[in-house]
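I set out to look up the salt bridges in this structure. These entries record what I found.

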Amino acid sequence: MVRRAWVLALALGACAPPQVLHLNLFTVTDDEVPADDAALAAVGTAQAILGQAGLRLRVDRRLILRDTPWSSIDVVTDPGEPPRGPAAQLCARGAALAAQDALAVFVVDRLPLGLAGFAQGATGPWGALPSDCRGAFVRRDKPAALGPVLAHELAHFLGLPHVRTITPDGLAHDDLIADTEPGTDNLMEHGTHLTPGQVVVLASSALLRHD
């Protein structure tokens with residue numbers, strides 16, 4: 001069924017414009033940012049990865065925020081982020097500075113040890129998102145991984161879970177997409193590949209536009 005849906009999606013896509021995910025790109029830093037900021041390069045890399053699904057990323061607004069309390073986020077509690085938590089505060093600041101009809105991407109100096117990025121406020125595969133406290137967060141101090149991590153976090157917003165999630169009590173929950181397998185070079189593990197079934201999910205996101 002997934003294979004047939006993918007073929008149908010490709011057939012329809014042949015006569016439709018590319019599907020676009022609009023972004024507001026925030027670099028939140030205490031450092032001087034060069035003109036060729038790594039954030040823009042990361043968007044380009046993420047575009048190449050998500051382009052496997054026919055998706056295009058468009059940066060509507062780019063802002064550099066300095067001298068804020070949020071360049072280093074030390075605690076992440078998503079999905080239960082309190083209203084005054086650092087990620088929630090930064091989301092609110094971003095919403096005040098740029099239109100909320102684009103997904104916020106926050107490139108910060110540092111995140112907690114071992115965390116390369118996270119999707120704050122992402123909901124389930126097919127639903128629209130609440131307007132408050134949402135955004136993709138990635139860290140600038142890992143430049144080689146910045147683009148793939150950004151693509152991974154954006155894919156969460158577009159409906160893709162991890163291929164396999166192990167709960168704290170040791171239970172394994174798979175993504176229920178028929179053609180994904182744990183331990184492969186998959187974007188929703190630690191790689192960059194997308195399966196046809198994942199392409200169907202991505203292309204069905206309510207966040208995508210045709211402009």
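I took a residue as exposed when its relative accessible area is over 50%, as buried when under 20%, and as partly exposed in between. The model is a predicted one.

Entry 1. I searched the whole structure and found 7 salt bridges. I looked into three of them, namely Asp101 with Arg209, Asp31 with Arg140, and Asp109 with Arg140.

Entry 2. I looked up the pair Asp101 and Arg209, whose closest N and O atoms are 3.7 Å apart. Arg209, at 25%, is partly exposed.

Entry 3. I turned to Asp31, which meets Arg140 in a salt bridge at 3.7 Å, N to O. Asp31 belongs to the loop between strand S1 (19–29) and helix H2 (38–50), while Arg140 belongs to the loop between strand S5 (135–139) and helix H4 (146–157); the pair therefore links parts 109 residues apart in sequence. I noted Asp31 as partly exposed, at 39%, and Arg140 as buried, at 18% relative accessibility.

Entry 4. Which residue does Asp109 meet in a salt bridge? The partner is Arg140, at 3.0 Å, N to O. Asp109 lies in the loop between S3 and strand S4 (117–120), so its pairing with Arg140 joins parts 31 residues apart in sequence. Asp109 is buried, at 2% relative accessibility. I recorded Asp31, Asp109 and Arg140 as one network, joined by salt bridges that share partners.

Notes:
Residues are numbered from 1 along each chain as its sequence is written. This is a predicted model: local features need pLDDT of at least 70, side-chain atom pairs count only at pLDDT 80 or more; totals for chains, interfaces and linings use all residues. Side-chain values use heavy atoms; hydrogens and water are left out. A salt bridge is a side-chain nitrogen of Lys or Arg within 4 Å of a carboxyl oxygen of Asp or Glu. Helices (H or I, at least four residues) and strands (E, at least two) are DSSP runs, numbered from the N terminus. Buried means under 20% relative accessible area, exposed over 50%, partly exposed in between (1.4 Å probe, protein chains only).
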